[in-house]
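This briefing is intended to be read beside the sequence and the coordinates. The points below are grouped by topic.

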Amino acid sequence: MRTSETVDSKRAKNGEPIQFTVIQDVTFGGVLAIPRGATVHGVIADAKNVGSGTLTGSSELGLQLTSLDLGGQSYPLQSDLFK
């Protein structure tokens, strides 16, 4: 998946929606499950900006998937936090 918009860890806020585009077909058992180009919605679940200096500070961004748009319908998703 690829984000549809830029995500900046310095400005991101927990709960902020984010949209992804599936960039490669997803198959299961030889059957197409999710076609390339499908839209996946998610939220920023953990945004941390540690340290104030550019070289010494670090940022961390956690995302969770919430739904998949497919064939004119929206399907709820529940994912682990990925960083």
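Two strands are said to pair if DSSP finds at least two bridges between them. In this predicted model, strand β1 (residues 2-3) and β2 are joined by two bridges and run antiparallel, and T3 has F20 as its bridge partner in β2. The chain contains seven strands and zero helices.

**Overall architecture**

- Along the sequence, the elements follow the pattern β-β-β-β-β-β-β.
- The chain has 83 residues, of which 20% count as buried.
- The chain exposes about 5,900 Å², and carbon and sulfur atoms supply 51% of that area.
- Among contacts between residues at least 6 apart in sequence, 33% join residues at least 24 apart.

**Strands β3 and β4**

- Strand β4 (residues 31-34) pairs with β3 in the antiparallel sense, over three bridges.
- Within this pairing, V26 stands opposite I34 in β4.
- The hairpin formed by β3 and β4 has two residues between the strands, and G29 takes a positive phi near 60 degrees there.
- T27 belongs to strand β3 (residues 26-28).
- T27 counts as exposed because its relative accessible area of 53% is above the 50% cut-off.
- Apart from residues up to four places away in sequence, T27 touches L32 and A33.

**The largest nonpolar core**

- Eleven residues make up the largest nonpolar core: A12, I18, F20, V22, A38, V40, I44, L61, L63, L65 and L68.
- Strands β2 (17-21), β5 and β6 (58-70) each supply at least two residues of this core.
- Strand β6 provides the largest share of the core, with four residues.
- Strand β2 has a covered face made of I18 and F20, whereas P17, Q19 and T21 form its uncovered face.

**G42 in strand β5**

- G42 has its place in strand β5.
- With a relative accessible area of 3%, G42 is buried, because the value lies under the 20% cut-off.
- Leaving aside neighbours within four places in sequence, G42 is in contact with E16, P17, I18, F20, Q64, L65 and T66.
- The C-alpha atoms of G42 and Q19 are 6.1 Å apart in space, although the two residues are 23 residues apart in sequence.

**S67 in strand β6**

- S67 is found in strand β6.
- S67 counts as buried because its relative accessible area is 13%, which is under 20%.
- Not counting residues up to four places away in sequence, S67 touches T39, V40, H41, S74, Y75, P76 and L77.

- Side chains of opposite charge can pair when their charged atoms come close.
- One salt bridge is found in a search of the whole structure.
- D46 forms a salt bridge with K83, and the closest N and O atoms of the pair are 3.6 Å apart.
- This pair links distant parts of the chain, with D46 in strand β5 and K83 in the segment after β7 (73-76), 37 residues apart.
- D46 lies in strand β5, which spans residues 39-50.
- Leaving aside neighbours within four places in sequence, D46 is in contact with N14, E60, L61, G62, L81 and K83.

Definitions and conventions. Residues numbered from 1 in each chain as written. Predicted model: local features only at pLDDT ≥ 70, side-chain atom pairs only at ≥ 80, totals over all residues. Heavy atoms only, no water. Contact = heavy atoms within 4.5 Å. Core = buried A, V, L, I, M, F, W, Y, C linked by side-chain atoms within 4.5 Å. Buried < 20%, exposed > 50% of the residue type's maximum accessible area, 1.4 Å probe, protein only. Areas by Shrake-Rupley, 256 points an atom, 1.4 Å probe, with all protein chains shown as cover. Salt bridge = Lys/Arg side-chain N within 4 Å of Asp/Glu carboxyl O.
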